[in-house]
Amino acid sequence: MGLKKSLSHRGLSVPQGYIRVDRISGGKLIGFNVEAGIYSDKNQPQPLDVVSTAFEFVPGSDIYSQAYEALKLLPQFSGALDD
């Protein structure tokens, strides 16, 4: 699971950009933080960069789905498509 979007990253064009959740930390009481790698494509093992954002837990929802939805709210990933 991941997000795909044509990106411009540090002046480079990344036409097959892939955003994948690499780590989720935190807890239901304090909230969660997602760290996601930005990859040049789906098959790359090393990220070009890592971004993070906080999100709150919604009971009854899948934590990974929530993490990806939180990433889509970041301006650089708006319009990203689920993959």
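Which residue is the bridge partner of alanine 36 in strand 6? I looked this up before anything else, keeping in mind that the model is a predicted one, and found that alanine 36 has valine 51 as its bridge partner in strand 6.

**Entry 1: the overall layout**

I then went through the elements and noted one helix and seven strands in the protein, which follow one another from the N terminus as β-β-β-β-β-β-α-β. For the dimensions, I recorded that the C-alpha trace spans about 40 × 20 × 20 Å along its principal axes. The radius of gyration is 13 Å, which agrees with the value near 12 Å that a compact globule of 83 residues would have. I also wrote down that buried residues make up 34% of the 83 residues, and that the protein exposes about 5,200 Å², of which carbon and sulfur atoms supply 51%. Among the contacts with a separation of 6 or more, 39% are between residues 24 or more positions apart.

I looked up glycine 27 here and found its bridge partner in strand 5 to be glycine 31. Strand 1 (residues 3-4) pairs with strand 4 (residues 18-27) in the antiparallel sense over two bridges, and for leucine 3 the bridge partner in strand 4 is isoleucine 19.

**Entry 2: phenylalanine 32**

Is phenylalanine 32 buried or exposed? I found that it has a relative accessible area of 12%, and therefore it is buried. Phenylalanine 32 lies in strand 5 (residues 31-39), and, leaving aside residues up to four places away in sequence, it touches Ile24, Ser25, Gly26, Gly27, Thr53, Ala54, Phe55, Phe57 and Ile63. I also checked phenylalanine 32 against glutamate 56, and the two are 24 residues apart in sequence while their C-alpha atoms are 5.9 Å apart in space.

**Entry 3: the aromatic rings**

I reminded myself that a pair of aromatic rings is described by the distance of the centres and the angle of the planes. The count came to two aromatic pairs. Phenylalanine 55 is buried, its relative accessible area being 8%.

In the pair of phenylalanine 32 and phenylalanine 57, the centres are 6.0 Å apart and the planes are at 50°, so this pair is tilted. Because phenylalanine 32 lies in strand 5 and phenylalanine 57 in the loop between strand 6 and helix 1 (63-72), the pair ties together parts that are 25 residues apart in sequence. For phenylalanine 57 I read a relative accessibility of 23%, so it counts as partly exposed. Taken together, Phe32, Phe55 and Phe57 form one aromatic cluster.

Returning to a contact of phenylalanine 32, I looked up threonine 53, which is found in strand 6 (residues 49-55). Threonine 53 has 16% relative accessibility and so counts as buried, the cut-off being under 20%. Apart from residues up to four places away in sequence, threonine 53 touches Phe32, Asn33, Val34, Ala70, Leu71 and Leu74.

Which residue lies over the face of tyrosine 39? I found arginine 20 there, at 4.0 Å from the ring centre.

Notes. Residues numbered from 1 in each chain as written. Predicted model: local features only at pLDDT ≥ 70, side-chain atom pairs only at ≥ 80, totals over all residues. Heavy atoms only, no water. Helix = DSSP H or I, 4+ residues; strand = E, 2+ residues; numbered from the N terminus. Buried < 20%, exposed > 50% of the residue type's maximum accessible area, 1.4 Å probe, protein only. Contact = heavy atoms within 4.5 Å. Pairing = 2+ DSSP bridges. Phe/Tyr/Trp six-rings, centres within 6.5 Å; stacked < 30°, edge-to-face > 60°. Lys NZ or Arg CZ within 6 Å of the ring centre and 35° of its normal. Rg over C-alpha atoms; globule rule 2.2 N^0.38 Å. Areas by Shrake-Rupley, 256 points an atom, 1.4 Å probe, with all protein chains shown as cover.
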